[in-house]
Amino acid sequence: MKLVNHNGYWTPQGNEKVWARYENRAKDMQVAVDQCRHLRTVVQASGVVGAWPIWLSHQFTEVITVEPDRANYVCLERNCEQYKNIESHNATLGAEVNAATERVLTIDGFNLEYCDLIVLDNDGREAAVLQGAQDTIARCKPVIFIRGSEVELSEYSVYQRVGRGCVLKPWPL
C-alpha cells in the first residue's frame, strides 16, 4: 500500500483526487446539519480519507467515523490525528455485529447518549446500516443524510433531496 501526500492530505496512490471530491460533497451535508436540533454527536460512514470527518469535526462535539478500506483508513488516521473529537474505526456499519467475515459494527452498538446526525455513503448498504441503528434512531431521533443511494425510504420522511443525496427525518414533519 503506497500512500502519497497530496496538497497536505494523505491519500492512497492513484486516488489523489478523492479528497477534493469528498470535500466538495460536504457542502450537500450542510442542509442536513442545518436541520439538527443539537450539534453533539454525529456518526459518519464511510470516512474514506477523512475529508467528511474533518468537516464535521468543526461543527459537532463528537464525530464517530467508520471506514472499511484499509488504505483509506490509514490515510484517514493520518489526516485526522490532530482532531481530538474524531473517533475512527477500521470497519463497516451494518445490521448486526459480525467479526467472522469482516469487522461489522452497528450504530446501536456504540450505545450513544446522543446522536444528532447520521451520515451514510455506503454504496447501497444504507438499509442494513439503518436496521442496525433502529434503537438509536428511535431514542435520539437524529437527522439522517444519505448520499447517492436508492435505499428504501418508506419508513422515513424525506425532508429534502440534495444533489445526489437526501436528508431524512425519522419522525413526522
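How far is the sulfur of Cys 115 from the closest cysteine sulfur? In this predicted model, the closest one belongs to Cys 140 and lies 5.7 Å away, which is too far for a bond. A disulfide is a covalent bond between the sulfur atoms of two cysteines. The cut-off applied to such a pair is 2.5 Å, and the structure holds zero disulfides. Cys 36 is likewise in no disulfide, its nearest cysteine sulfur being that of Cys 115 at 8.9 Å. Both residues are enclosed: Cys 36 is buried because its relative accessible area is 12%, under the limit of 20%, and Cys 115 is buried because its relative accessibility is 1%.

The largest nonpolar core comprises 20 residues. Within this core, the residues with the most contacts are Val 43, Leu 93, Ile 107, Phe 110, Ile 118 and Leu 120. Two or more residues each are contributed by strand 3 (41–45), strand 4 (62–66), strand 8 (117–120), helix 4 (126–131), helix 5 (134–140) and strand 9 (143–147). A separate core of 18 residues lies apart from it and includes Val 42, Phe 60, Ile 86 and Leu 117. With residues up to four places away in sequence left out, Val 43 touches Ile 64, Leu 93, Ile 107, Leu 112, Cys 115, Leu 117, Ile 118 and Val 119.

Helix 3 is largely enclosed by the rest of the structure, because eight of its 11 residues are buried. The buried positions are Ala 71, Asn 72, Tyr 73, Val 74, Cys 75, Leu 76, Asn 79 and Cys 80. At the start of this helix, the backbone nitrogen of Ala 71 has a side-chain oxygen of Asp 69 within 3.2 Å. The loop between helix 3 (70–80) and strand 5 (86–89) contains Glu 81. This residue counts as exposed because its relative accessibility is 57%, against a threshold of over 50%. The C-alpha atom of Glu 81 is separated by 10.0 Å from that of Gly 50, and the two residues are 31 positions apart along the chain.

Ring interactions were also examined. A search of the whole structure finds zero aromatic pairs. Arg 78, however, lies over the face of Trp 10, at 4.6 Å from the ring centre.

Several backbone features were found in loops. Ala 45 and Ser 46 are joined by a cis peptide bond with omega of about 5°. Ser 46 belongs to the loop between strand 3 and helix 2 (51–57). Asn 111 has a phi near 50°, a positive value in a residue other than glycine. The loop that holds Asn 111 runs between strand 7 (104–105) and strand 8. Asn 111 counts as exposed because its relative accessibility is 65%. For Lys 141, phi is near 50°, again a positive value in a residue other than glycine. Lys 141 is placed in the loop between helix 5 and strand 9. Its relative accessible area is 36%, so Lys 141 is partly exposed.

How values were computed. Residues numbered from 1 in each chain as written. Predicted model: local features only at pLDDT ≥ 70, side-chain atom pairs only at ≥ 80, totals over all residues. Heavy atoms only, no water. Phe/Tyr/Trp six-rings, centres within 6.5 Å; stacked < 30°, edge-to-face > 60°. Lys NZ or Arg CZ within 6 Å of the ring centre and 35° of its normal. Helix = DSSP H or I, 4+ residues; strand = E, 2+ residues; numbered from the N terminus. Buried < 20%, exposed > 50% of the residue type's maximum accessible area, 1.4 Å probe, protein only. Core = buried A, V, L, I, M, F, W, Y, C linked by side-chain atoms within 4.5 Å. Contact = heavy atoms within 4.5 Å. Polar contact = N/O pair within 3.5 Å; in protein donor to acceptor, adjacent residues only side chain to side chain.
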